[in-house]
Structures are given as C-alpha cells and as structure tokens.
Amino acid sequence: MLHVRVVSPPGSTDDLVERLSGDPGVRNLVVIRGAARHPDGDAVQFDLLTRFANPVLRELRAQLQDHGSVVIQRVDAAINGPGEPADQHGHRHGEIPPVWEMVESTIRAGGEYPLSFYALLVIAGLIGAVGILTNSQILIVAAMVVGPEYGAIMATALGIDKGDGHAVRQGLAALTAGFALAVIATLIFGLLIRWSGETPRLYHAGVRPVSDLINSPNVFSVIVAVLAGVVGVVSLTESRANALIGVFISVTTIPAASDMGLSAAYGSWTEARGSTFQLLLNVVLLIAVGALGLGLQRSIWRGRTARADARARRSPPDA
C-alpha cells in the first residue's frame, strides 16, 4: 500500500476527488480545502493499493501537470486497513506490479552527479589498484562496494528507454569523466609505486591472477555483464535494490578501470588494451540490458495486469 499526498489547485479539486472516489484502489480519502501552502491549494490525501497505483498516478500526472504536487510514500504497516487482500487479487504468489513512478524516481535520483560521485570512483579505482598489485580479491570486492557507477548506468538506461536525450548525454558524460579520472588516478598511483621500488614481488614477476582475469574479456565476460544488467533492472522494479546489487554491477567495471591505469603504468600495453575493452564492453552491455529490461518489464506487467483485471471483471462478486 502507498500513501499519496496531493496539493491540488482549487479549481481542479472537485474533479480530482470525484475520480479518486470512483477508483477501487483508493482508500481513506481525505480532503482539506485551502490548507496547502507552497504551492497553495487544497490538500488531498489517500491510501492507494499498489496494484492500482500505475493508472491512478498517470491520471494524477495528466490532471495536475505543473499546477500541483504529488508525494508518494510506501506504507510499511496498516492496522485494520480495508481491502488489503484485493491488492494481490489476480496475481500469482502475491506478485504486485511495480509502481513505475517510484521506480523511475529512484533511478533518476541515482542520475545526479555531484563531486562525491567522481571522488568515489577515483577512490574505488585506487582500492582496486592495490587489490590487483597484491592479488587481493578482498580489496577488489571493497573497490566494488565503493563504486557509485550503478546509478549512472541505470539512469542512462532509463533515458534511452524514455527517449530522454538529456539524461543519456548527462549519464554518458558522467561515466566517461568518472572512469577517466579513476584511470588517471590509478596510472599516477602505479607510476609512484613503480618508481618507489615498492612493487610487490609476485606482481613484478608477472604472477597476476587477478589482473589476468580482468584484462582477458571472453564469452563469460558477456554472460556476467548481461546477468548483472538483468539483476539491476529486476531489483529496481521489484524494490529490492541494495548495496549488494551495486557490488554485482561493479564487478564488471571498477576492476577493469583500475587495471587500465595500472597496466599502463607498468608498460603492459596488451593488458591495458584488454582492460579497456573489458570496461567498454561491460558498460555498453549494462546500459543496453538495462534499457531493454525496463521496457520489457513494463510490457510484461502491462499485459499481466490487463489479464488480471479482465479475470476480476468476469468473476462473480463475493457473497
């Protein structure tokens, strides 16, 4: 269930309330005339069963446009709330359609690129470089935890899905600049380590199992990137996104950026080229799978919801 707060222009409130009152997913509708400020208007609040959320929110957007505001919150628990079982009616295993307004809002929030975004990418790249030098898989995982590129990748994918050229350009520019800074930082770090004579003995001898795995793209790289993209889309649409999902996404990006700079610092140009191809391959695949996955998820759920509603209309009313 969701809780929705609306500020409605006074001239639109009567029509809005009439529409909401007739929707089977709306509960606990409250209208307070003239109570809202900044923007001024009527305060309208209601609870909304998640299964009915998408058409209601589309209608709110169309009716209010730029003349009001809508705030949506998830309801963690409801006591004696009417109609909760109906929220799962017609869907197997309690499945509920994603609320696309909230999914897209979450993705767009990850599509903001303050200085901390670039700083975290640089730090993640440096941690990854230390992990490669010392053949430490733990440090590689730590680098993937720090990396923030997951939000930029999904924001770019959403921009492609929605035809938003500005979001796509902004996301690609942020990814390009961020990874470039990470590569430059690891290049400088690698040169300092090399010139200081502190290169680990095994790395200097060419025993580089972590680096070899990163700079050798193959069919398994494609499989992992595609799976990572699918996991990212499903986790967002099913509201299961968390830090671990970001780590899975980063497994195909941050280590490659670290290895690019480090290999260049040590004159290992074949390895540097392999890491560059690995990074480009994975970023392109993640964005493509993200865009396709969002569109496919939306189409699948639209069809499933339509069939469920048709079954509900054909079924006899409860006695």
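| Confidence in the protein | Element | Mean pLDDT |
|---|---|---|
| lowest | helix 11 (residues 243-250) | 57 |
| highest | helix 7 (residues 165-196) | 95 |

Over residues 85-90 the pLDDT is below 50, and beyond near neighbours in sequence this stretch has 14 contacts (heavy atoms within 4.5 Å) in the model. For the protein, the mean pLDDT is 83, with 86% of residues reaching 70 or more.

This is a predicted model, in which local features need pLDDT of at least 70 and side-chain atom pairs count only at pLDDT 80 or more, while totals for chains, interfaces and linings use all residues. Residues are numbered from 1 along each chain as its sequence is written, and side-chain values use heavy atoms, with hydrogens and water left out.

Which residues of helix 2 are buried? Taking buried as under 20% relative accessible area, exposed as over 50% and partly exposed as in between (1.4 Å probe, protein chains only), the buried residues of helix 2 are Ala53, Asn54, Val56, Leu57, Leu60 and Leu64. They lie on the same side of helix 2, because they cover an arc of only 165 degrees around the axis, the arc being that of the directions from the helix axis to the C-beta atoms. The face turned away from this buried side carries the exposed residues Arg58 and Ala62.

Leu115 has its place in helix 4 (residues 115-133), and counts as exposed because its relative accessibility is 75%.

Terms used:
Helices (H or I, at least four residues) and strands (E, at least two) are DSSP runs, numbered from the N terminus. pLDDT is the predictor's confidence in each residue, from 0 to 100.
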